[in-house]
Amino acid sequence: MKEPTIQNLFPTPIYMTNMDRPFTKQELKFVEEQKKHCSKNEGNINTKDNYILNRKEFKNIKKFLDAACKDYLERIICPKNNIELYITQSWLNYTEENQFHHQHAHPNSVVSGVLYFDSDKANDMIKFFSPVRYQQIKPEIDDTKYNIWNSTSWWFPVETGQLVMFPSSTTHQVDTKQGNNTRISLAFNTFYKGTIGSNSDLTELII
């Protein structure tokens, strides 16, 4: 038979880009200082300030992330109405060797993102899980032939300066940290501002 084609139907978008500059000394100093003002999370720690992007030290990083949100909206969601995807809460995560970040999703958010301040590409990754949590019939998969169709989880290596964005309902986690560096990331949530839906379809929501 002829070579078949396989189409991806309703895929989950994982948006990735990198900053076009290194972090400044002032930004890195601020990140290091914030480690002293953290709360214990399940597996690691995060800042008590959950609106960290409102701080003046992150003014330029906020501009970069705002631009990325706009790009995500225009490339992936493609709304008809003039709406904005704006950042709501934001915080810093610190993960030491042998620590982890528990499996979770982000309620009350449209798109979530993670910007990495310190990440070792050889050891650090982000793992995503399929929304299909139960399989009625589950054959054993050849360990050498896992792919995006037969896998229930998938991971990506991450590096310093990289931004990863994804639908907030996507379950994800960080496995137990390997390597000597402290993995430092800035996470954020977003929501819509403007008119969502259609007046004539009785789905309109103005926020």
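Cys-38 counts as buried, because its relative accessibility is 18%; buried means under 20% relative accessible area, exposed over 50%, and partly exposed in between, with a 1.4 Å probe and protein chains only. Please note that this is a predicted model, in which local features need pLDDT of at least 70 and side-chain atom pairs count only at pLDDT 80 or more, while totals for chains, interfaces and linings use all residues. Residues are numbered from 1 along each chain as its sequence is written, and side-chain values use heavy atoms, with hydrogens and water left out.

Cys-78 is partly exposed, at a relative accessible area of 49%. Across the whole structure, the search finds 0 disulfides, a disulfide being a pair of cysteine sulfur atoms within 2.5 Å.

I turn now to the sheet. Its 4 strands form an open sheet, ordered β5-β10-β7-β8, with antiparallel pairing. Strands here are DSSP runs of E, at least two residues, numbered from the N terminus, and two strands pair if DSSP finds at least two bridges between them. At the edges are β5 (101-104) and β8, each pairing on one side only. Within the sheet, β7 and β10 (residues 172-174) pair over 2 bridges in the antiparallel sense. Phe-128 has His-172 in β10 as its bridge partner. Finally, Ile-148 lies in the loop between β7 (125-129) and β8 (153-157).
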